Amino acid sequence: MNNEIVLPYSILFVEDESAIRANYVSFLKRYYKNVFEAENGERAWKVYQEKRPDILIVDIHIPKLNGLELVRKIRVYDQNTKIIMLTAFADTKYLLEATELNLVKYLVKPVTREVLKDALALAIESLENFTTHANKFIKIGENILFNRQTSELFDGNVSIYLTKSEAKLLALLFSSVNRLFTYDEIVGYLWNNDGEDKIDSLKTLIKTLRRKLPPDTIVNVFGSGYKIVI
């Protein structure tokens, strides 16, 4: 990486200490197209849902929702986003927990810029190796394609209009084809567990989506939830 090249990846940097966060965000903006930030786990979850960054850099010890809890929540739906974990302590307990979360790197603070750049290079290598046409697009039936990166739906080369909620729901269901997502998981993902009864809203959303997909793409498992079958 050098200061003449801005890489086309987005990063979310999560750190509660404002001076440290500002320093690293400023550094990252020199090299990456989009850099987002969050000061706690709850805010990071919202930014992740809205921006779907390519790479997360997450401190373990953040308030409201710690780094491990945040990453576990993300990994329920998403195994593709690259995640680098930061910690102030070489704690074996945290390390063992982190190894189950499909991390690029687990770095002990203070982390130098060179060490962080090396970890980011690994994340980018992984993104580039696996970001192929085959895993960007999922073919449904004869002509329908779903772009997993942009959450867009196409009939051949023609874009099929999706509302924000429809795109978000498809992104969730296509994140793990054939996996059953429970009603609670889907409602929590779409509406951030706001406490309202959203089952009727979910049923309406599924109904409109089914009109845009081949028959039987979205399957309801009675009393449990929905899944994509292709």
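## Surface charge, ring pairs and backbone details

Arg52 has a relative accessibility of 32%, so Arg52 counts as partly exposed (buried means under 20% relative accessible area, exposed over 50%, partly exposed in between, with a 1.4 Å probe and protein chains only). This is a predicted model, in which local features need pLDDT of at least 70 and side-chain atom pairs count only at pLDDT 80 or more, while totals for chains, interfaces and linings use all residues. Residues are numbered from 1 along each chain as its sequence is written, and side-chain values use heavy atoms, with hydrogens and water left out.

**Backbone details**
- Arg52 sits in the loop between α2 and β3 (55–59); helices (H or I, at least four residues) and strands (E, at least two) are DSSP runs, numbered from the N terminus.
- The phi of Arg52 is positive, near 45 degrees, in a residue other than glycine.
- Lys64 is not a glycine either, yet has a positive phi of about 70 degrees.
- You will find Lys64 in the loop between β3 and α3 (67–77), where Lys64 is exposed with a relative accessible area of 62%.
- Between Lys109 and Pro110 the peptide bond is cis, with omega near 0 degrees, and Pro110 belongs to the loop between β5 (105–108) and α5 (113–130).

**Positive patch**
- On the surface, Arg43, Lys46, Lys51, Lys64 and Lys164 gather in a patch of positive charge (patches are made of residues with over 30% relative accessible area and no salt bridge, like charges being joined within 9 Å and nonpolar side chains within 5 Å; a salt bridge is a side-chain nitrogen of Lys or Arg within 4 Å of a carboxyl oxygen of Asp or Glu).
- Helix α2 (residues 41–51) gives the largest share of the positive patch, three residues.
- Lys46 is part of helix α2 and is partly exposed, at 43% relative accessibility.

**Aromatic pairs**
- The structure holds six aromatic pairs (rings of Phe, Tyr and Trp, the last by its six-membered ring, pair if their centres lie within 6.5 Å; planes under 30 degrees apart count as stacked, over 60 as edge-to-face and the rest as tilted).
- Phe146 and Phe174 are stacked, 4.6 Å centre to centre with 20 degrees between the planes.
- This pair links strand β7 (residues 144–147) and helix α7 (residues 164–174), with the two residues 28 apart, and both Phe146 and Phe174 are buried.
- Tyr183 and Tyr226 pair edge-to-face, at 5.8 Å centre to centre and 75 degrees between the planes.
- Tyr183 is in helix α8 (residues 183–191) and Tyr226 in strand β12 (residues 225–228), so their pair ties together parts 43 residues apart in sequence.
- A cluster of Trp45, Tyr48 and Tyr189 is linked by ring pairs.

Conventions. Areas by Shrake-Rupley, 256 points an atom, 1.4 Å probe, with all protein chains shown as cover. Lys, Arg positive; Asp, Glu negative; His and termini not counted. Charge placed at Lys NZ, Arg CZ, Asp CG, Glu CD.
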